[in-house]
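Please look over the sequence and the structure shown below before reading on.

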Amino acid sequence: STSDDIKYTSLSDCTSVGHTEGECKHYHAGNYYNWTAAIASNNSTNISADGAIAPNSICPKGWRLPYADIVDNSHNEFGRLLYDYNITNNIAGSGNVGYKASGFNTIRVSPLWFVRSGSLDSGTLGNSGGAAGYYWSSAANNDAYTLSLVFNSPRIYSALSGNRYLGWSIRCLAR
């Protein structure tokens, strides 16, 4: 069900239902990076084995990109984060995990602030209007794809394969 999926088309629409201006500005924020930029590399093709971890990222010092894993769920940091914040029922990295009743709204507010940023593909904004959120992890899936967090009501994938050339967002974790 998408009944708990709230979309705001303007700042005033968001603040009129009781959110603060800061919360509403967070709701619409986001930047786009291809995976090579997200891992602070000039060439990411050497990181190609399934589950290989990029050693660097554009995250500030003391921070890093989360790790996603479709084989060993105990190492799937996106899945663990969603489970710990009571957004999903399990940590599963592959497949459609699904949300708990208030999960879709929970992922997008304090303290997580995952934004439905959409994506960039060849200079064109995909999933315009904030229909979905796409976030890079530090893990490669193969030489052309990486594992990522993807969510759009009512689906969530904590380790979905995404093409490296697409423009997606990042979320840094403390080391």
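The model is predicted, so to speak of local features a pLDDT of at least 70 is needed, side-chain atom pairs count only at pLDDT 80 or more, and totals for chains, interfaces and linings use all residues. Residues are numbered from 1 along each chain as its sequence is written, and side-chain values use heavy atoms, with hydrogens and water left out.

Start with the sheet. Three strands make up an open sheet with antiparallel pairing, and their order is E4-E5-E6. Helices (H or I, at least four residues) and strands (E, at least two) are DSSP runs, numbered from the N terminus; two strands pair if DSSP finds at least two bridges between them. Strand E4 (133–140) and strand E6 (155–163) are at the edges and have a single partner strand each, so one side of each has no neighbour in the sheet. On average, neighbouring strands of this sheet are turned by 30° against each other, direction ignored. Here axes are lines fitted to C-alpha atoms, for helices over the stretch in contact, and angles run from 0 to 180 degrees between N-to-C directions. Strand E5 (residues 145–152) pairs with E6 over seven bridges in the antiparallel sense. Helix H4 (residues 77–84) lies across E4, E5 and E6 and runs at about 165° to E6.

Ser 148 is a residue of strand E5, and its bridge partner in E6 is Leu 160. Is Ser 148 buried or exposed? Ser 148 is buried, because its relative accessible area is 0% (buried means under 20% relative accessible area, exposed over 50%, partly exposed in between, with a 1.4 Å probe and protein chains only). Leaving out residues up to four places away in sequence, Ser 148 touches several residues, including Phe 78, Trp 136, Leu 160 and Trp 168; contact means heavy atoms within 4.5 Å.

The other serine, Ser 117, is in the loop between helix H5 (103–106) and strand E2 (119–121). With 8% relative accessibility, Ser 117 counts as buried. Among the residues that Ser 117 touches, not counting those up to four places away in sequence, are Tyr 32, Leu 125 and Ser 169. Ser 117 and Tyr 135 are 18 residues apart in sequence, and their C-alpha atoms are 9.0 Å apart in space.

Next come the links between side chains. A search of the whole structure finds one disulfide, that is, a pair of cysteine sulfur atoms within 2.5 Å. The disulfide joins Cys 59 to Cys 172, with 2.1 Å from S to S. Cys 59 is in the loop between helix H3 (35–38) and strand E1 (63–64), and Cys 172 is in the loop between E6 and strand E7 (173–174), so the pair ties together parts 113 residues apart in sequence. Cys 59 is buried at 10%, and Cys 172 counts as buried at 18% relative accessibility.

How many salt bridges are there? The count comes to two, where a salt bridge is a side-chain nitrogen of Lys or Arg within 4 Å of a carboxyl oxygen of Asp or Glu. In one, Glu 77 pairs with Arg 64, and the closest N and O atoms are 2.6 Å apart. Glu 77 lies in helix H4 and Arg 64 in strand E1, so this pair ties together parts 13 residues apart in sequence. Asp 84 forms a salt bridge with Arg 80, where the closest N and O atoms are 3.1 Å apart. Asp 84 and Arg 80 are four residues apart in helix H4, and therefore separated by about one helical turn.
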